[in-house]
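Please consult the sequence and structure shown below while reading.

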Amino acid sequence: MAAAIPPGGTWFDTLKRSFADVPINDNGISTTEFLEAAESLVTLFDLLGSKCFAPVKNDLLGNIKKVRDRQLAAPAESETLQALVVNELKTGKHVATEGLLWLVRGLDFTVQALRHNLDKETELSVSFREAYGNTLKPHHSFVVKPIFSAAMSATPYRKEFYEKLGSDSDKVNVALKREVEALEKIVATLNAFMSSKEAKW
């Protein structure tokens, strides 16, 4: 269940960690804060209200767990996501690396849907369907595609969704743009890294 929004605040104020607060330096993206931000963003699917989104949410949480399990198993080698991947691949395994690949695809899907909705102001079903076609759909099997397609059709009306994000629409838009811009930057960095030779298994 989503946390209560503070008076005069937005849903984003309830998050444990924003992607805007995930440290990024020359060595890479900080693993702990990234996973906290990913877990926080996953609660967005609770706001969408439909049980159809459970597979989407569970997929993201399952991949977060794979990355965190590797971090807990080898913390000194996992301070950044990039180090975690490189060091896991040295062991001949790729459970967390593959988990991160799918997690990034899921986050890319989410952020593209939100960006499309911010810029085009279409209904959520249009934004999520377009984002799905651009990100996850090419990688999904014919068994999985209908499950995700059902979720795209079950989104609430745009107006209802934005009301759940907060009563002050100006504050909601500012907070949403901040989160989307931060996540776009992280997704772009990770997409480039995951397609590099270093991240191949």
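Asn 173 counts as partly exposed, because its relative accessibility is 27% (buried means under 20% relative accessible area, exposed over 50%, partly exposed in between, with a 1.4 Å probe and protein chains only). The model is predicted: local features need pLDDT of at least 70, side-chain atom pairs count only at pLDDT 80 or more, and totals for chains, interfaces and linings use all residues. Residues are numbered from 1 along each chain as its sequence is written, and side-chain values use heavy atoms, with hydrogens and water left out.

Asn 173 is found in helix H9 (helices, H or I with at least four residues, and strands, E with at least two, are DSSP runs numbered from the N terminus). Leaving aside neighbours within four places in sequence, Asn 173 is in contact with Leu 118 and Tyr 162 (contact means heavy atoms within 4.5 Å). Thr 10 lies 163 residues from Asn 173 in sequence, yet the C-alpha to C-alpha distance is 9.6 Å.

Just after H8, Gly 166 takes a positive phi of about 155°.

In H6, the buried residues are Leu 124, Ser 125, Ser 127, Phe 128, Ala 131 and Tyr 132. They too are placed on the same side of their helix, H6, with an arc of only 165° around the axis. The buried residues of H6 pack against H2, H5, helix H7 (145-153) and H8.

**Packing of H3 and H5**

Helix H3 (residues 54-73) packs with helix H5 (residues 95-120) at an angle of about 140°, and their axes are 8 Å apart (axes are lines fitted to C-alpha atoms, for helices over the stretch in contact, and angles run from 0 to 180 degrees between N-to-C directions). By class, the contact of H3 with H5 has 11 nonpolar, 3 polar and 2 charged residues (Ala, Val, Leu, Ile, Met, Phe, Trp, Tyr, Cys and Pro count as nonpolar, Asp, Glu, Lys and Arg as charged, and the others, Gly among them, as polar). Among the residues that meet there are Val 56, Leu 60 and Arg 70 in H3, and Gly 99, Trp 102 and Phe 109 in H5.

**Aromatic pairs**

The whole structure holds 8 aromatic pairs (rings of Phe, Tyr and Trp, the last by its six-membered ring, pair if their centres lie within 6.5 Å; planes under 30 degrees apart count as stacked, over 60 as edge-to-face and the rest as tilted). Two of these pairs are tabulated.

| Pair | Centre distance | Plane angle | Class |
|---|---|---|---|
| Phe 19 and Phe 34 | 5.9 Å | 65° | edge-to-face |
| Phe 109 and Tyr 132 | 6.3 Å | 80° | edge-to-face |

Phe 19, in the segment before strand E1 (24-25), and Phe 34, in helix H1 (residues 31-42), are 15 residues apart, and their pair links distant parts of the chain. Phe 19 is buried at 2% relative accessible area, and Phe 34 is buried at 0%.

Phe 109 in helix H5 and Tyr 132 in helix H6 are 23 residues apart, and this pair likewise links distant parts of the chain. Phe 109 is buried, with a relative accessible area of 0%, as is Tyr 132, with 3%.

Technical notes. The arc is that of the directions from the helix axis to the C-beta atoms.
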